[in-house]
Each structure stands twice: as C-alpha cells, then as structure tokens.
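Me: I'd like to learn how to read charged pairs and nonpolar cores in a model. Could you walk me through it?

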Amino acid sequence: MLLESLCSSNRRLLFFLYICYGYFFQCIHSITIAHQLQINISPPIATKQEKTLWIGGMFPQTGEWAGGEAAFPAAIKALDQINQREDILPGYYLNLSAYDTKCSAGLGTTILYELLYNKTFGNVNSSILMLLGPACSPVSTAVGEAAKMWNLIVLSYGSSSPALSNRARFHTFFRTHPPATLHNPTRIKFFELFAWKRIAILIQTEEVWQSTAENLEVLARKHNVHIAVRQLFDNDPSHAISNLQKDDIRIIVGLFYEEKARKVFCKAYQQKYFGESYVWWLIGWYADNWFLKIDDIDCTAEQMSRAVEGHFTTEIQMLTDAKTRTISGLTAQEFITDLNTTLKQLFPKQPIESVGGYVEAPLAYDATWALALALNRSLGRTNLEEWSYGNVDMKEIMMDDMKKTDFFGVSGAVKFDELGNRMSKVVVEQLRNGFYHRLARFDAEKGSIEWLNGEESDGSRCWNYKHNYSSNHEKRRLAPYDQMQISNKVLEISRTLYLTMSCFAALGLLFSFVCLVLNIVYRKRKFIWQSKPMYNNCALIGGIICLADVFLLGADSQTDNPTRFVKLCQLKGSLLAAGFSICYGGLLAKLVRTYLLSTKKTINPIWSMCELFIIVGSLLLIDLIVFVIWHIKDPLVFTSEPTGDSSILNDVKTVFKLQQCRSKQNMIWIGLLYSIKGILIVIGIYLSYETRASKLEMINDAHLVRMCTYNIFIVCLISASLTLIIERNQDADFAFASIAIILCCFVSFGLIFLPKILCLIRGRDQSLSSIDDKDHATSNSTTAGHGSNSTTQQLSSEDEEKHRKLIAENEQLRALIAEREARVNELIEKLKQHGSNIVIRDVQRFTTNPNSGPTSANHDGESTGLIDSTAYVMRRRSTFANPITLSTHLSNTAISTTTTSVTGKVVEVPTEMNHIDPKHSSTSSYRESVC
C-alpha cells in the first residue's frame, strides 16, 4: 500500500512538473519565437511556376514601432508585380518568408536563426538569397552584424541608425531608408536660416539615436552651433525636461521613438515647457496622429495637441511628387491609392495615417524591387539555384549587383553609395493646427532648400501661419530666439524733455544776446553807465556759455561712441564751470565794489582799474588748475552700468544701462568743484548782506545784484543736492541741472536788465552828453570866484577817492556846526537873563537853491559860495529897558560852502574855515538891535 501510495504521488508530481514545463516552454517560445506572417501572394504566371527563389522578411507588427503594418502589404504588392513580369527573374517565382520581429533585437536574431536553419519555408534544400528588413535599427544592428557571417545580404527599408554605415561591422548591409545623419545637414541648414546658435539634444538611450547625436555634434561644431545640453533618458523624461527648462533651452532636437515622444510632450506640457517660444525638431516617420494616442500617458488629446503644435519634422522623401511612372509601371499616386485600399481592408477601425509604417511603405515597396532587380542582374552571371551561405563568390556577385541599383521608384531615385546608404532628399514638415504641412525639400548634395506650397524663402510663415496679414507693412512675428535675448538699451534723456529744455535755453540765449547788444549800444546812457556795463557784459557772456551748455548736457546720451562720449563729458563740465565763473564773477566784482564804497575803505588805484579782470581771471585760473590736475591724475573713463530695471517681451530681456563718465575718485573731484563754487556763493551772500542798506548812485543796481545772488544761492543749493541724490536717473539729473541754469540766468538777467529796458523804452534816461553840459554849467557857476573853468570828466577811481574824502569831511563839519549852534543857543539864553524885553524876531534856515543867482560876497568881500542845508543864519532883534546898542560879533561862527565838482555832480560840503584853514576863513556877523 505504501509503495502504491508513493507511486501515485510521484505520478501526480511528474504530471504537475510536466504542466509547469509546458507553460514555461510556451512562455519562452512566445518571447523568443516570432510568429510567421501569413503570406498572400498572387499565383505566378505560367513560366514561373516551376522554380522558386526564397527571400526572408522581417516586418514588426507590434512592439515599440509597428512599422511593418503598412510595409508588409507594400512588399507583397511589389512581389505580386515582380512575379507577373517575365523580364524580371524569368523562370523563377520570388517568394517571401516573413516574421514579426516586434522591434526586438533578440527576437530578430532568433528569426534569423529560424530562416537559416529551421527551413520553415520551401523544401529542405531551400536557402534565402537575401533578407528584406529589418525595419527597426536595433534589430538591424543585431541581424546585420551577424548576417555577414553567412554571406547574407540584408536590405532594410526602415533602419536609420548611423552606426549601420560602418562597413567593417555591416559589410553586407544596404537600406532604402537613408541614415538618420542625413537629417542633420538639414537641421543645421535651418538653424543657420533662423540664426539659432544654441540648441539641445534630447536622446533616448538607443544606439541609433546616440550615434545620430554624435554626428549632429560634429556638424554643429563645424557650423558654429553650440550644443548647450545633451540630455539622455530611458523611460521617464521628466528629469530631462526639467534640466532643459532650467538651462533656458529654446531649440530642442528630439531623437526618440514614437512611444517615447508621447511621454516627452506630455511631461513638457505638465511642466509648461511648450509654446511659441520653444521649437522642437523630431523624426518625421511617426504616424500623422501619433500625439493623439493617449492610452499610455497622463495627458488628454487636447493637451497633447497644444504641446506639439508648431514642431518641425525631418524625413527623407518617402513618396515622390513626380507624376512619372516608376519601375513598376505605376505612378506614386496610383501606388498610394492602391495601398490605401488594402490598408482599409486590413485595418477598418483605424485611420490609414495611424497605421504603423504608413509613411515608410513606399520604401519597403522600392526595397523589394531593388532586391529583385539585383537578383535579376546576378541571374545572368551565376546560377542562383546553387546559392549556399558559404558561397563567397556568389555573395560578391550579388553585392556588386546590389551596388549597381539605379531606378526610379515611388520614393524617387533609388541608388546606393559605397556604404550601402540610400541617397535622397530630406523633406521638412511643420505641424500646423493639428496637421502636418510640407514646408521645403532639402538637397544634401547641393546644400539648397526648395520651398514648397508657397512658403516664403525666409521661412517667416512658419511663425505667422496663425495670423492673416492684410498688408506687408504690418509687423510680423520673427523666429523664436535660441535663448532669452539680452538687449542692452542705453538710457537716453527723454526726447521731449531734451527739446523742452533746449527751447527754454534757446529763449534764454536770445534774451541774453538782446541784453548784451542793448548794454553795448546804450552804454553811454546814465542809467546803464551807473550800473557798470563792463561788469554786466561779463555776467551776460558767462550766462550765454552756461545756457549753451544745456544743449551739451543732453547730447552725450545720444552717442554710443565711448571716445566721443568722454570728450563730451569733459567739454560740458569745463564749459559749465567756466560759464559759472565768468557770470558769477561779474556779479561778485560788482558786489565787491559796492562793499568797498559803502564801507569808505581806501581802494588801490590798480585794483580799481583791474578789479573785474582780477576776480574773473582768478576764478577761471582755479577752474583750469582743478581740471588739468583731474585730467592728469584721474582721467575720466567711459562706464556703462545696468540700472537693475529690466523688462521681458517676446523672449527679449531689455537691460537698461546708464552711460557715465567717471573716474576712480569721481566724487572727490566733484565735491572739490562744488566746494569752490559754494565758497564763492557764500562770499557773495556775505557781501550782499553787508551792503544791504547801501544805496549808491554810482552803482544804481546794487540791490538787484544782491537779489540775483540770493536767487543763485537758493537754486544751486536745491539743484546740487537733488542731482547728487538722483544721480542714476538721467532724466531727473538733466532736468534739475538745466532748470537750475535756465532759472538762474533768466531771473538774474531779468532783474538786472528789465528795468533798464523799460527805462529805455519810456525815454526817461538821459545820455551822458546832456548831463555833462548841465554839470559843466554848474561847475562854472560855483567856481567863478576862483577863476576855475574845469570841464566834466569821466568817472575814475581818483574821482571816487576824492568823493569819499569829501563825504568824510562833510560829516565832521556837520558835527562841528551842531556844536557851535548849541553854543549860540546857550549865549542867547544868557542874554535873555540880562534883559526882560528881549525878543527873538526870527531864526531863518537857509537851504540850497539851485535856481538862485550868483553867490553873494560876505562882509570881507569873499565869496561865501552856496549855503549848505545845515548852515544857519540867525537874525535876532532884542529890546532892553535902557536903550543901549549891543553888537555881538560871532567871530568864531562862520559858514561857508565848499563846492567840488566830481564827474559832473555838484557836491556841497560845508566847512568850518576858521578851524581848518585860517587863511580862507570867512565870518558872518549877526547884529542885534536894541530898542
């Protein structure tokens, strides 16, 4: 029983293991063994029914790229047409044994083994002459490298890996699909057209894409295109997209399969890495609606459509535009119509454009024809029935015949170069509003672009296809930039502000010139002469220089030449300093003269003659010394510094830069100049304050000069402070500096010259000639007793000195007269005490009468001259009780008048002659009558 139980258990265990082995074997078989495709070829013609030649085929129906879905029916159609023609492989029926590789390199190698050894086709002695396919580059890499070991020629219709051009590794490999490197010259050409110098490459980790990227890098370096980022990814492109966005990449070349392309653009949408600012360049053999297959991604169809809108694709010319009949007798349009009918029957539930390999179907069709034509040529040189995998001679014959391939197919001219690559033109397309639009065709051999469908030669419609422009004058959108563009914009003074200040400065110049002309023409008028016209002319000239400098203050922002900019800086600074020194120096000299006259200080004759030139010259000399030392020790240099303000518009970041002339110790030199000018203004304020009560007829506008000084002080203080605070604002800096200059000049010249202009207009002023005549007559009348006949002379420093001495002497005599009069009053009081009937008849005060006749002679017979306003003559009549006569003689009291003519002006100074000079003393007698 135990033995039976054990046997029963062993049987059950063996049965279980057998079932597991069956499942395991079936799983391994499903992975490594591809299913043979069902061949439905039309029966051959009668002459080809006896003998059959076999070729192998690899057509991926599933997997990463199901390119065989449309390529396989196209190859079957080519075989049907070949087998119906007696001129191609006469007496032989060309048959196909095809498998689904699923785009798997391991599975492709297994299929190759099946074709070589398992004899799943024909009879036991049958061998495949050539292999049609594979379609995927990874499969072609594995199969092509192994096929040479069996002298088997491989003709691919879809592999584009540049690595397959290596003749040492893939000695027997040919392809009707050009290598992916053929796309790179096209990309470089368009990069140059749109001025893109900075790109990135996003690469799927497959040999076909990595080798393509390496070739692109080589070409890019030759054409000065910088590969900023080379990003690889395997399955999830999220991190790669983030890196591209972080590096501000705008132009991206995508090298990946269709399945990965959907993931890339879904992640790009989620990270907002799409739009008109970004340009993607993809492979053109994806299905037309590849981005709408959203089963394996987390984005909607609408989101994917937004993400991929506007991208470019490059692909070889799969279908010729020519209407010429091909080697098969069909035109390209007839072929594609027939293929569409077949695909609708095979795939009734999906659009034709979404069928895998639909774009590459013409290449599979032409590849079948190329294979048959090569065998047809070899048939005349060798017996194809004797073919074996070890027959090197036959291999060389078939290789040579394959290289001679040259015919016109539905994809265009078909021929191979020494590396087995198909030479073809490259077509560039752009996705516009969800549909691919053919833009141009690039001929790599000629290096020329042929624009299609009415595209403009500059490619501008690529960026403006969403807009309808009514005229060529409307602004059109330019190609996106390859990175954020930095536009350095020089901050210029506002044109409106500059013109406004220039107009005011021009008005100021006009007013200054008018005042200068009037001051020169009417310099002999009394009102102008007494205001010292030379000083006024100096102030006007300085003001004109300052006003002219307003034009230069804003002119330096209009130039971008550093040398010219520095020269303008030096010129405007020098002119402003010199103009201020000349203008304010004239006003300061007048204040100095007013101060000296009002304080009765002695003036050196040389100083009096050269006062204006000394002051102005000294100020100019100080400015010259400062600027020369500044230029030698610390010269100005051109600087352009960003202000920190920027704006971004259409991928252009505008950085505003402020151009300046600066030196290493710039603030020290400016502070030195400000200090010098400030000290001068403070001196002017001090002199104005000290002479605030002075009213001199010799300087009749001294009070106006003081007002000008106050105005200059206030305006300069405010403007200098503000310009230092807002130094980096060119508009405010220019405005305050210009306003300060214009305001100072207008106010100063208006205060000084408007009264003179009004006086000239109203005719209230007299010329010096009429004044000289009156003064000459007055001088003759006052000096007749001395026989003097002096004429009026022009004012000089010597005359002013005399005038000052006479004023001092007059003050002394007035004090003496007051003292004597007090003594007289005291004596009169004493007389009143001695008599009771003393009556003072009158006390008469005589004043100067300009209309009086000649001076009367005193009792000594000497001329008493004109009587001063402070001279008193008292006539007294006293009455006493006892009639007596009292004669009081005031011998010590005498009043005479000394008249001196100074520059046509009569100056009357009363003098106590008895105390000053006894020789010239005169007395006045006062008689008292006693009744």
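This is a predicted model: local features need pLDDT of at least 70, side-chain atom pairs count only at pLDDT 80 or more; totals for chains, interfaces and linings use all residues.

Me: Which residues are linked in a network of salt bridges?

Reply: Side chains of opposite charge can pair when their charged atoms come close. Here, D321, E429, R438, R441 and E450 are linked in such a network of salt bridges. The count for the model comes to 26 salt bridges.

Me: Which parts of the chain does the salt bridge between R593 and E611 link?

Reply: The closest N and O atoms of R593 and E611 are 3.0 Å apart. This pair links distant parts of the chain, with R593 in helix 17 (residues 562–598) and E611 in helix 18 (residues 605–633), 18 residues apart. Both R593 and E611 are buried.

Me: And is R250, the partner of D248 in a salt bridge, buried or exposed?

Reply: R250 counts as buried, at 4% relative accessibility, because the cut-off for buried is under 20%. D248 is partly exposed, at 24%. Their side chains meet at 2.7 Å, N to O.

Me: Now for the cores: which residues touch the most other members of the largest nonpolar core?

Reply: In soluble globular proteins, nonpolar side chains tend to be buried together. In this case the largest core has 151 residues, and F59, L202, W280, W281 and L375 touch the most other members. Helix 11 (residues 361–379) gives the most to this core, with 13 residues.

Me: What does L375 touch?

Reply: Leaving aside residues up to four places away in sequence, L375 touches I55, L89, L94, L129, M130, L384 and M398. A second, separate core of 54 residues includes Y498, L588, A740 and F753.

Technical notes
Residues are numbered from 1 along each chain as its sequence is written. Side-chain values use heavy atoms; hydrogens and water are left out. A nonpolar core is a set of buried Ala, Val, Leu, Ile, Met, Phe, Trp, Tyr and Cys residues joined through side-chain atoms within 4.5 Å. Buried means under 20% relative accessible area, exposed over 50%, partly exposed in between (1.4 Å probe, protein chains only). Helices (H or I, at least four residues) and strands (E, at least two) are DSSP runs, numbered from the N terminus. Contact means heavy atoms within 4.5 Å. A salt bridge is a side-chain nitrogen of Lys or Arg within 4 Å of a carboxyl oxygen of Asp or Glu.
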